[in-house]
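Hi everyone, thanks for coming.

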Amino acid sequence: MTVNPSGWRPSAPANEQGEAQTMTGNRALMLEEPLIFEIDGGESTGVDFAEVSQHAGRLGGLERSRPIGLPGLSEPEMVRHYTRLSRQNYAIDLGLFPLGSCTMKHNPRLNEKVARMPGFADVHPLQPQETVQGALEVINQLAFWLIDLTGMHGVAMSPKAGAHGELCGLLCIRAALEARGDKRAVVLVPESAHGTNPATAAFAGYRVENIPANPAGRVDLEALKTRLGPDVAAVMITNPNTCGLFEPDMKAISDAVHAAGAFVYCDGANFNAIVGKVRPGDLGIDAMHINLHKTFSTPHGGGGPGSGPVVLSQALAPYGPIPFAAKYPDGSFKIVEEETAGEEHPGAFGRMVAFHGQMGMFTRALTYILSHGADGLKQVAEDSVLNANYILRSLEDVLDAPFGKSGPCMHEAIFSDKGFAGDVNTLDLAKALIDEGFHPMTMYFPLVVHGAMLIEPTETESKASLDQFIAAVRSIAERAKAGDQNLKAAPFFAPRRRLDETLAARKPVLTYRDPEVAEAAE
Amino acid sequence: MRYLPLSNADRSEMLRVIGAGSIDELFKDVPEEARLQGPIHGLPMHASELAVERHMSALSRKNMAAGDVPFFLGCGAYRHHIPASVDHIIQRGEFLTSYTPYQPEIAQGTLQMMFEFQTQVARLLGCEVANASMYDGSTAMWEAISMAHRITRRNKTVISSGVHPHYVSVATTMAKFTEDRLATAVPELTAEPDTERLIGKIDGETSAVVVQYPDILGRITDLTPIAEAAHAEGALLIAVVAEPVALGAIRSPGEMGADIVVGEGQSIGVGLQFGGPYVGLFACREKHVRQMPGRLAGETVDAEGKRGFVLTLSTREQHIRREKATSNICTSSVLCALAFTAHLTLLGEKGLRQLASLNHARACEVAERLASIPGVELVNDGFFNEFTLKLPVEARPAVHTMVGKGVLGGVSLGRLYPGEATLQNGLIIAVTETVTDEDIDALEAALKEVVQ
């Protein structure tokens, strides 16, 4: 039996804080956990099956002969393994998770309950349409809300995540341009954009060019106007932008882009700041994805699954992908897919996914929306902006706030490490925050602010929670300005100290190898 | 509003600290004319948990749940029993409400689970490495085609007629914009797929050959000759696995020479959910890992020498490489991957083999009984848990008639290939361990009636 499965052996009887070491490597509730491949007794199974009757197989002579190498655990072992792992994670349920641009808000548990109702969870995507009318109605109701909340004309529901939604929007734009025989090769993207924007434009076959920001952290309207021309297909704008600022010239930008024959794509990652307060459709936007896992609280789940419906303007809606749920005058719902698309939606650019999109996220998002209603959603935007401004004004005397002077922020506040002493930087502050019991903010993004710290508290934090966070950041910021070298080694109290990312990338170990196999390979 | 903790007193106090007279002052960058006054007109106001649950529950009841009727649908989504403990694990808040592990010191739970998932997937598919998951099988297949394009610097892809038509449709859509050339075909109702014809399409310009295993009609074919033919021309073999439980019974694509193996992981641990969210599997050879899309967890050590895990090789990814990234993907389907890995850990080698064996035995039994109905013909020679029948009548109306008898009796090829006259009598039946003797009786009786 392996006592300490982490492979770590103390080199000295006590670590630098002088803490006593334990025989197991565990520290009370902080429990080390081996990989499933290292747990003794991995030959068992946690599932009981009925006896298989004897039968002549029909596997075409391709029966598996070699072992697969899959360890199996009984139910108590499996539950304990993942429960122990779970306790090494930070989560919204544990505390403030102010990751800028990610909208880490509370995930209501009613949403989970609803998504598990058998009529939603246990329905096959290819069931005859008369047996899935409720599912189609959910998609249709959610679509109705998304269109109304954004003031747009249509919505493509099938994209699987935000970046997939961006792709959907750009493909709509490309289809619309091609329909009028207009070949355009360039997509303009501000320097402050999420990395997905340029990556998506390239994925959709466009050449990407940057547009600069002005000193106030906004798109430089004049520079943009100068660059617009017959080769520009679209401009991708994030609004509110990644500095947490609203683009006040948005309508003027849209007008200029439209006058040049191009389209405006809006990255809707930050829609939480304006939901129920401002409709992107009123600002001249042609396409915008909505991350249901941000604004509409579907769980982030450790990094997915997401869901990225795209709302479309009148000019782009005819080109949206199939399939989609359409409502008929008799009140019934139908899936428009390959078979009838030719008559009902002839402009469709094609299909993005095998089935109908992230249904499990649609049920959760609709539940969230119905819970809040039009009034609650407006309050969401207001409280998220209020919380962010409260943080901005409570920290700007100890942290550099590059746009603090230019007025209020939206749902997130941006700071930098300017003024920290010596080599202490943003990363160090972030790691010290871990020790204080908080998830760090987004670091080093957007790229336009050196040493950026982007803080998005969301509306589901109480004032007491914000006050505690502010006090923690203040204390660390003061240490950073005083050049406290202890910050360089933080975190001290997390399940792991700083991890060597360079080693991981230089000698990638991406799967587990049994020790004897690994040794033979050396 | 039960999800919003601020009181009006808090709001006033916070505005005072900010130095703003009202909330609207915080929105002053929004042009006056674009600012909405009051809640959006024509939409309902907030509602109690009870009222919302009632509304959603009523919508849920308008669907025919698979578990309530004899159910035989497959074609890329399979109904298997999911142990209760799997759903319990994915509902733990530390997994459910965490995010992409950008701060590895406080995300070892997710990172270790990803590493375990990658190992299980690689072993199951017979490859050296796997990523931490993609959106679903269909998007994973397109990503594999793009990856092959980057590796071979060729842009012609031969897609077998046995690949799921929706997957093909996704690839065709994307290829329009990237100028990749795809050779596609619709299947024929034959006992074996036409491997020779497929091999005949491979030439010196071919980047990759894409084969589904088992294929859309449920047929199983040896991939070895296809891999050899592809490699002889400098092309890669991409295998697509839509039903990974099959790999508990049959050889893995990697063993037969596939270079990239992608799949839909839904059938292990993830429910049907009307098509999503699912979990795309993606595995390949180690030498190609830097061309791979998606998140990867890798092993490393911390400052005290303890083993730990981090996201790695991120120089492939959009947040670093921007327009030069291998893909625009920013997420992986982590929570579904957790369900997959937890279910597979419960099964283990032994359980997966038992599960596969049970599925196959059940499917053989059902195939035999249905093929004995006069006029009904079993198309396949080999199959795992899904096979195709040729009916003496059009299958699409037959499926609807069976719904009237309370039976969800398979997927008609007419639904998947609406324009193809030669396929209209085809019906695909999937049989898993969830099917009971009574279900089989009901299907047999319903099918007998509709073909008469």
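Let me begin with a term: two strands count as paired if DSSP finds at least two bridges between them. Helices (H or I, at least four residues) and strands (E, at least two) are themselves DSSP runs, numbered from the N terminus. With that in hand, look at chain A, where β11(A) and strand β12 (residues 453–455) run antiparallel and are joined by 2 bridges.

A quick word on what we are looking at. This is a predicted model, in which local features need pLDDT of at least 70 and side-chain atom pairs count only at pLDDT 80 or more, while totals for chains, interfaces and linings use all residues. Residues are numbered from 1 along each chain as its sequence is written, and chains are lettered from A and ligands numbered from 1 in the order in which they are written.

Now over to chain B. Its secondary structure comes to 15 helices and 13 strands, and its C-alpha trace spans about 80 × 50 × 45 Å along the principal axes. Of its 452 residues, 62% are buried, where buried means that 20 or more other C-beta atoms, placed from the backbone, lie within 10 Å of the residue's own.

Where do the domains of chain B lie? The assignment, which is automatic or from a database, gives domain 1 (68–81 + 350–451) and domain 2 (84–343). Their centres, taken over C-alpha atoms, are 27 Å apart. Domain 1 of chain B brings 30 residues to the contact and domain 2 of chain B brings 26; here, contact means C-beta atoms, placed from the backbone, within 7 Å. On the domain 1 side, α12(B) provides the largest share, 7 residues.

Next, please zoom in on strand β5 (residues 236–241) of chain B. Why is this strand largely enclosed by the rest of the structure? Because 6 of the 6 residues of β5(B) are buried. L236(B), I238(B) and V240(B) point one way, L237(B), A239(B) and V241(B) the other. As a rule, side chains in a regular strand alternate between the two faces of the sheet.

β5(B) also has parallel partners. Strand β4 (residues 206–212) of chain B is joined to it by 5 bridges, with V211(B) standing opposite A239(B). Between β4(B) and β5(B) the chain passes through helix α10 (residues 224–232) in a right-handed β-α-β crossover, that is, clockwise from the first strand over the helix to the second when the strands point away from the viewer. Strand β6 (residues 260–264) of chain B is joined to β5(B) by 4 bridges, and there I260(B) is the partner of I238(B).

Last, the core. A nonpolar core is a set of buried Ala, Val, Leu, Ile, Met, Phe, Trp, Tyr and Cys residues joined through C-beta atoms within 7 Å. The largest one has 322 residues, and those with the most contacts inside it include L237(B), I238(B) and V240(B). α12(B) gives this core its largest share, 21 residues.

Conventions: A residue is buried if 20 or more other C-beta atoms lie within 10 Å of its own, exposed if 12 or fewer, and partly exposed in between; C-beta atoms are placed from the backbone. Two residues are in contact if their C-beta atoms, placed from the backbone, lie within 7 Å.
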